[in-house]
Amino acid sequence: MNDLFSPTARAATTVTSIIALSRPIFALALASLILLALAYQFAAPMTIDVGSGNDTALIQGFSFRENFANGDPSTSLRTGFRWSGARSEIRFWGIGDQDGTLKLRLAAPRPNGSARVQVFANGKLTAEVQPSADFQEFVFPIDRATIGAGGDLIVTLASDTFSQAPDPRELGVQVDRARFEARGAPILPSPRALYLVALALL
């Protein structure tokens with residue numbers, strides 16, 4: 001009888017209770033990870049509406065938002081744009097390790113000459129483009145090796161700049177929209193998303 005109250009017996013009972021209580025938590029964690037992985041396989045394209053006012057957490061190195069000039073039917077439903085600087089970033093957080101397509105809608109109206117813009121994806125030179133004075137969409141394939149296990153895509157625009165008095169800003173190109181589209185499974189969830197799931201289960 002006394003054996004039931006011995007330190008060894010009490011320890012064994014405690015361990016058994018912990019395991020019993022932990023099983024639902026482990027099952028919930030496993031189910032959450034499976035659902036997260038499935039959700040990534042059917043992820044919708046991620047669009048960053050540059051100049052909307054809701055883009056500030058996703059960009060760096062851009063000027064203030066501006067409205068489109070009247071009379072451009074292609075921008076009638078758009079909310080605005082921003083000028084890039086010599087080096088500006090657009091950040092797609094947590095898209096996962098995958099192959100995809102990057103689409104940038106750019107314009108470069110200048111008083112003289114044309115703009116040259118180098119597009120980098122996570123520090124890797126992807127292309128060099130020369131936008132015209134009117135907005136047009138540029139398309140770039142992005143492979144999973146470029147995105148990597150971190151699951152984030154940082155797009156850098158490196159541009160020559162100009163200024164026009166009385167505006168003192170050094171202006172690169174106008175950016176209206178950035179969009180990333182998946183090119184099929186499998187897509188590996190980003191560590192950022194896994195961390196948020198783990199945090200929610202605590």
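I began with alanine 158, which is buried at a relative accessible area of 13%. Buried means under 20% relative accessible area, exposed over 50% and partly exposed in between, with a 1.4 Å probe and protein chains only. This is a predicted model: local features need pLDDT of at least 70, side-chain atom pairs count only at pLDDT 80 or more, and totals for chains, interfaces and linings use all residues. Residues are numbered from 1 along each chain as its sequence is written, and side-chain values use heavy atoms, with hydrogens and water left out.

**Around alanine 158**

I placed alanine 158 in strand E8, residues 153-159. Strands (E, at least two residues) and helices (H or I, at least four) are DSSP runs, numbered from the N terminus. I then listed the contacts of alanine 158, setting aside neighbours within four places in sequence: Ala86, Arg87, Arg116, Val117, Gln118 and Phe120. Contact means heavy atoms within 4.5 Å.

The charged end of arginine 87 sits over the ring of phenylalanine 120, 5.4 Å from the ring centre. The test is NZ of Lys or CZ of Arg within 6 Å of the ring centre and within 35 degrees of the ring normal.

**Cores**

I looked up the largest nonpolar core and found 28 residues. Such a core is a set of buried Ala, Val, Leu, Ile, Met, Phe, Trp, Tyr and Cys residues joined through side-chain atoms within 4.5 Å. Ile90, Phe92, Leu104, Val155 and Leu157 have the most contacts inside it. Strands supplying at least two residues each include E3 (81-92), E8 and E11 (174-182). Another core, of seven residues, lies apart from it and includes Phe81, Ala107, Phe135 and Phe162.

**Aromatic pairs**

I found three aromatic pairs. Rings of Phe, Tyr and Trp (its six-membered ring) pair if their centres lie within 6.5 Å; planes under 30 degrees apart count as stacked, over 60 as edge-to-face and the rest as tilted.

Tryptophan 83 and phenylalanine 162 have ring centres 5.8 Å apart and planes at 75 degrees, so I logged the pair as edge-to-face. Tryptophan 83 is in strand E3 and phenylalanine 162 in strand E9 (residues 162-164), 79 residues apart. Both are buried.

Phenylalanine 92 and phenylalanine 180 have ring centres 6.3 Å apart and planes at 55 degrees, so this pair is tilted. It ties strand E3 to strand E11, parts 88 residues apart in sequence. Phenylalanine 92 is buried at 0% relative accessibility, and phenylalanine 180 at 2%.
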